[in-house]
Amino acid sequence: MNENQPLLQVQNLKKYFQTPSGTLHAVDDVTFDLYTGKTLGVVGESGCGKSTMGRAILRLQEPTAGKVLFDGVDVTACDKRELKKLREQMQIIFQDPFASINPRMTVSQTIMEPLIIQNKIDKHDRTGLEKKALEIMDLVGLAPRLVNSYPHELDGGRRQRIGIGRALALNPKFIVCDEPVSALDVSIQAQILNLMQDVQKQMGLTYLFITHDLSVVKHFSDEILVMYLGQMVEKCGAKQLFAKPMHPYTQALLSAIPVPDPHVRMQKIPLKGELSSPINPPVGCRFAKRCPYACEACSEAAVPLRELEPGHFVACIKAGELPV
Amino acid sequence: MKKQAAAASGKARSLGADAWYRFKKNRLAVISLIFLCLMIVIAFSTFIIDWATDSSFYDAKVIAQDLRRRLEPPSWEHPFGLDEFGRDMLLRIIWGARYSLFMGMAAVFGATLLGGFLGAISGYYKTADGIIMRVMDILLAVPTILLATAIVAAFGTSKVNLIMAILISQTPTFARVVRASVLTVKEQEYIEAAKAMGASDMHIIIKYIIPNSLSPLIVQCTMSVASAILSIASLSFIGLGIQAPMPEWGAMLSNARTYIRDSWHITVIPGAAIMVTILMLNIIGDGLRDALDPRLKN
């Protein structure tokens, strides 16, 4: 593989849902590249299409339009058999460790399952399977005595370790992490995040890290993509975003991060209004209704993503002129 | 306590074993289960006796009439007394168990397979859902006994037709139960996880959907055997089921009702047999429901 070629290229990805009241634009025109070994954080409020985007990339939901190139192969054009081969290399970690694991399978069965489905190890080769399962359990920090435990006997942190182990079993290159820690206690969040970082280094993984927790994403990502109502509003390096947010929405979002110091007065930028409906959205900037800087031009035409600084993309016609 | 010990020792208990553990704590259900098993063994042994004696025992003791001793009340020699043709009631009850139990079970087994299959298909594939469930709704709209009566009346009275009639009238219930639980399970994230691994539809249905939607089906089964037995008895009572001289409980009840003023035992005994069997099945069903319901778990 060419070193300079991105592992994942998402081009104009769209996912629309037909609802009785109109077309719901869950993901609208998302484009980005993701290089091997890097982590792209995707942030945005609930319902902005982050998870749908992750699922559309993996084709767990069929994208309406656009292309997803994985290692140069167009995922959206694959037939069933090619897709099954590709699935070996792209995996997903789910948000809710209580819902994402089959309650009828033991820890080892859950971890072996992808190996059996993908025919990596023959399903009659019990010793081979068990050896591999123990290896992975060790990798994700699950004690070997839990090998025959059922998920209902374990706590959230351990279950999430099973979920991670299951994703790692096939030795994938790319993992979509769909809010992997938001269902966990804060103390366990840190453990799981550290684990994920360790395995990323060990196995050279590439993450698409979906979250609504900005402090997590700052700590975790190389690049950050901010979404609002299915559209990209800003994308740049993690440090750059926190130092110099350019889109008014990002600014408001960052100002809402709690500061762990009682003497610091937070300067929140309050957002007025509600998240507008993603069903049949108006042309122009979707954030305009809530934006303190909005003018008429904002609602007239679609706002393109502009590269204001090298690697810093913003979808706002006033970006650059606004106070930072 | 036991559970913690099991978890600490590294021994796992599957959800099924967990359910069995909870079921065992329900004493009434366990007693019912033991009695039911005993009844099944006794009913099954009648087949062996018939086979070993080439039905001569059946002909001589269960069917043969002795009109001089008709309607004799219970005694040491005949604990359940003799019926209106002087036949031993105990033997007739024992021989009758096989019709009620095994035909009821066969009908429910068939209905489970058919209804389960139809329900799983309509739950998993949206396109088939409308058609299958509308047909089920039509069947469900007709009362069970009426539907079974119509089927038996149309195809004639035979054991196979009787089973078929009950099977068809029970199928919609099973289809509904299975469809509902498949719909719930289908939306779970672990199904999506399996898809992300590249699992085929068949694999997902067999390894993920069926095991996780089984518990309501098991409960429905036990309850349905009870109602199937009742249906068989009812159809026999109105003359559309098992025909004389075969000792079916419902038919016995039907024939005996003429003598209810003079000889209570020949009416009460088959009635009690039906009642006890159904009661046991319902208690077992309730016990299973409590044991399999994850919400009651602590």
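Across the interface of chain A and chain B of this predicted model, 11 residue pairs are in polar contact, with both residues at pLDDT 80 or more. A polar contact is a pair of N or O atoms within 3.5 Å; within protein, one must be able to donate a hydrogen and the other to accept it, and residues adjacent in sequence count only if both atoms are side-chain atoms. On the chain A side, helix H2 (80-87), strand E6 (90-93) and helix H3 (107-117) each supply at least two of the residues that touch chain B. Helices (H or I, at least four residues) and strands (E, at least two) are DSSP runs, numbered from the N terminus. By class, this side of chain A has 11 nonpolar, 8 polar and 9 charged residues. Ala, Val, Leu, Ile, Met, Phe, Trp, Tyr, Cys and Pro count as nonpolar, Asp, Glu, Lys and Arg as charged, and the others, Gly among them, as polar.

As this is a predicted model, local features need pLDDT of at least 70 and side-chain atom pairs count only at pLDDT 80 or more, while totals for chains, interfaces and linings use all residues. Residues are numbered from 1 along each chain as its sequence is written, chains are lettered from A and ligands numbered from 1 in the order in which they are written, and side-chain values use heavy atoms, with hydrogens and water left out.

The contact (heavy atoms within 4.5 Å) takes 28 residues from chain A and 26 residues from chain B. The area buried between the two chains is about 2400 Å². Carbon and sulfur atoms give 56% of this area. A:Arg104, A:Ile117 and A:His152 supply 24% of the area that chain A buries against chain B, more than any other three residues. Buried area is the accessible area (1.4 Å probe) that two parts lose on being put together, summed over both.

Salt bridges also join the chains. Their count between chain A and chain B is 3. A salt bridge is a side-chain nitrogen of Lys or Arg within 4 Å of a carboxyl oxygen of Asp or Glu. The side chains of A:Arg55 and B:Glu192 form a salt bridge, at 2.7 Å from N to O. Over all chains, the count comes to 23 salt bridges. Within chain A, the side chains of A:Glu179 and A:Lys50 meet at 3.6 Å, N to O. This pair links distant parts of the chain, 129 residues apart. A:Glu179 lies in the loop between strand E7 (174-178) and helix H6 (186-203), and A:Lys50 in helix H1 (residues 50-57).

The largest pocket has a volume of about 1100 Å³. On a 1 Å grid over the protein atoms alone, a pocket is an open set of points with protein on both sides within 12 Å along at least five of seven lines, whereas a cavity is a set of points where a 1.4 Å probe fits but cannot get out; lining residues have an atom within 4 Å of a point. Grid points are joined across faces, edges and corners, and a volume is the space filled by probe spheres set on the points. The largest pocket is lined by 28 residues. A:Arg59, A:Leu60, B:Tyr124, B:Lys195 and B:Asp201 lie nearest its centre. H2 of chain A gives the most to this lining, with 5 residues. Strand E1 (8-19) of chain A and helix H9 (189-197) of chain B each supply at least two residues. The lining divides into 8 nonpolar, 4 polar and 16 charged residues.

There are 2 cavities of 30 Å³ or more. The largest cavity holds about 70 Å³ of space. Of the 13 residues that line it, A:Pro248, A:Cys285, A:Cys291, A:Cys298 and A:Cys316 are the closest to its centre. Its lining has 11 nonpolar residues, 1 polar and 1 charged. The second largest cavity has a volume of about 60 Å³. Among the residues that line it are B:Asp83, B:Arg87 and B:Met252. H12 of chain B gives the largest share of this lining, 3 residues.
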